[in-house]
Amino acid sequence: MEEHWEGAMLWLEGCVNNKDVSDDDHGRKCCREMFKHGLGQILEEWFFHTITVKKLAVNAETFQGILQTSKRKDTVEETLRESLGLADSIFRPLRRVCAMLDIISESSNKCVKHFRMVFDNAFVLGHPSTLRVFRQHVHEYLGRKFRQHYRLWKAKKREEADPEDEEDMVLDQLSSEDEAMVDDSESYPFEEFSKNIAELEWITLLEEPLSDILCQETEKHILKVCKGQYETHLLEHVLNWLNGVALSWLRDVLSACTVSRKGHRSVRLTGTLLAEKFAQWKTRLEFHVFETLCELRMSELFDVITEFPESSPALGDLKDCLARTHQYRDLVLSLRHAFATRLLHPGANTAQILDVYISTIKALRLLDPSGVLLEAISEPIKCYLRKREDTVRCIVTSLTDDSNSELFEELGKGDGMKPIAHNYEEGDDEGDYDELAEAGNFEDWIPDPIEADPCKNSRSRKTGDILSMLVHIYGTKELFVNEYRMMLADKLLSSLDFDADREVRNLELLKLRFGESSMLNCEIMVKDIEDSKRINKSIKTTLQNKRSTSARVGSNAVEIDSIEVTIVSKQFWPTLHGEDIEPHPDIKKKMSAISHEYSVLKNPRQLVWKSNLGIVQLELEFDEGQKKTFTVNPMLASLVMHVAERESWNAPDLAAAANISEATLKKRISYWINQGVIRTSKEYGVVSYFAVDKLSDDHKHQTSGGAQDEDATERAVSADAQLEAEMKVYESFVRGMLNNYESLPLDRIHNMLKMFVSTGEHKYDKNVQQLGAFLDKLVRDDVLEFSNAGYFLKKS
């Protein structure tokens, strides 16, 4: 046995020292005898100890030194060539010896596998810093090779480019930065690199650098091509780029750097094994494409929404990406943050917020037809809009603005839409089954997604009615009906020609959506305007006939051609606020004539004049033929008519003639002073007013509609006045409560009104804030007193 041991050691030492022992049959025989007598494991241990000490330790240190001392980029290829060449020169002969030992011992690659572990551990795996530096060098080297491949691909595509192909147009937009970064150095050709990696079987050490390179280049390409581009479908282009550039290059790398061993021979890995490996990489990189593009589009989603519908292609790409990545939660959090920082703040006006909200509804319906995303994202917007006082007015204004309003277009679709429910949660999911039952398609029913809020029914979530969603920001349509009623009153009362055709059209569309019963008051208001036009014409005809008759008999008759009267049905119109004024005698005479003729025409009805409301068009004449037209309210018209009657007026006399206080006179007449029509003087503390004979050059060309005072331009109706009139009904209920209770807090009064005034014409439907404002007014009017958080009747 000693002879066999010495023969085996000499043969193995010769192999380790790279001596030619291929014809040494005696050494092989000695090794075979050692294994035959059960001493093979001892021989293997001696062999691995010997190569570790004499070969691997020394050369591994040299290998590490080559990698660690190379720092400059232009030496990366030379460093890899030298280090891999050294490792390959050590690996191949020793592996061949191990393969022969496996043949001798008739084991299945036991020695080869152990050698691989020892070799890799000695050179890289056992030294984390060396492994890190090696991968850095490989990353730089393969990165350059990828960019060379990319440059060749772009050159080929440019040669084949079709000017009308969108994908080729995207390619032309790419900058030449990558080309400038390409290094054409071939000091270490890829064929030699791949051969070394394949022989060393270090393909697994390339996975991390390969993954980093391909992911980074993919992200760079997606950012360059897709960022800010919303009007083209780009997902398909990116996937084509991935297949044509990244995956084709990866296939070449895997094929070149992978081998399959058969005994002591190496054969390139092809067929099924390579296909499986490549398929894993392809799945991984395709998912990275979907994930990267999804994250990019989520970060840009606010801009995508604001540019909808032109940005529909970008939403289509995002929808496809979400179907693969399921990043719905991330999308909700990202878009909510974007809304909070870019939209829901005092710097954005309500109309802008509503426009973005409407675009959000449309965009998210395209992105997620189930409505779950919209439900999760829209809640902060709705909460913020509810806090803004002008939200209802902005929505109603957009509804009736036919110039450029998306809501008006939505209203125009009324024929195909159902009326808006009184409450948002009105109805339940059984309606879905009823609709399917009518069509006989029970199998078409689709349950809600698992992310859906179980507290809300699916019908409200799936509705595509934008108007209904806006109205139900407040949970009821009554606020919008009342706001439209007040806006309609303003428009009708400010119309000089009684033209209500446009309002009739809007009203008919609103009736389809809000219901005829809700719009009954508005319908009567429009009818009042049409009736006023006919009544005005009838009264004028009657008075003209009387004037003709009076002229023949020599008597006087009133001429009213210059007056048009709007006659309204008080119980159907909003409260018309403002204190009545004393009209100028000339106007008052004409008003009396109209009242008389109306009482004859509509007996027993009588006119009750709101003399403070209306529009007066005046043409004032000055010396030298100067004329200027003004449009003012009745108070201003009455003042200037009084001033024109006399050469001068002192303030007390003019205030008495107009039946107003001197403070009101001073405030109102300032408009005419600013227009240069009236001038003032002050003697002995008394202010006098004079009509000018001629307009100055500055006032001659001044716009007559210039800044009137706030009271002069006040609306005929307002939400505050309407609310005050409605709350007045509940004063008697409050008095009755406080007669029975010494003192009641606000919440208790509110709850009692809801309990006891829950039906009838004056059903209590106000909130705590509105009730509090009304009770505070009663306190100011000395009807109630407030103390210790409670209200009680004022003691006489």
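Predicted model: local features only at pLDDT ≥ 70, side-chain atom pairs only at ≥ 80, totals over all residues.

Reader: How many residues does the largest nonpolar core have, and which of them have the most contacts inside it?

Author: A nonpolar core is a set of buried nonpolar residues joined through side-chain atoms within 4.5 Å. Here the largest one has 145 residues, and F119, F123, F193, W202 and F339 have the most contacts inside it. Helix 11, residues 235–257, supplies the largest share of this core, with 14 residues. There is also a second, separate core of 27 residues, with L639, V640, L654 and I678 among them.

Reader: Take F123. Which residues does F123 touch, not counting those up to four places away in sequence?

Author: With those set aside, F123 touches L56, N59, A60, F63, Q64, A87, T130 and W202. W202 is also listed with F123 among the residues with the most contacts inside the largest core.

Reader: Now a residue in a helix. Is Q68 buried, exposed or partly exposed, and why?

Author: Buried means under 20% relative accessible area and exposed means over 50%, with partly exposed in between. Q68 has a relative accessible area of 27%, so this residue is partly exposed. Its place is in helix 3, which covers residues 40–69.

Reader: Which residues is Q68 in contact with, leaving aside neighbours within four places in sequence?

Author: They are S129, T130 and V133. For V133, compare sequence with space: Q68 and V133 are 65 residues apart along the chain, yet their C-alpha atoms are 7.0 Å apart.

Reader: What should I look for in the backbone?

Author: Most residues other than glycine have a negative phi, and most peptide bonds are trans. The cases below depart from that pattern.

Reader: Which residues does a cis peptide bond join?

Author: P309 sits in the loop between helix 13 (301–306) and helix 14 (312–325). Another joins N603 and P604, again with omega about 10 degrees. P604 is found in the loop that runs between helix 26 (585–601) and strand 3 (616–621).

Reader: What is the phi of H326, and where does this residue lie?

Author: H326 is not a glycine, but its phi is positive, about 55 degrees. H326 lies in the loop between helix 14 and helix 15 (328–342). Its relative accessible area is 55%, so H326 is exposed. D782, also not a glycine, has a positive phi near 60 degrees, and lies in the loop between helix 34 (768–780) and strand 8 (784–787).

Conventions
Residues numbered from 1 in each chain as written. Heavy atoms only, no water. Helix = DSSP H or I, 4+ residues; strand = E, 2+ residues; numbered from the N terminus. Buried < 20%, exposed > 50% of the residue type's maximum accessible area, 1.4 Å probe, protein only. Contact = heavy atoms within 4.5 Å.
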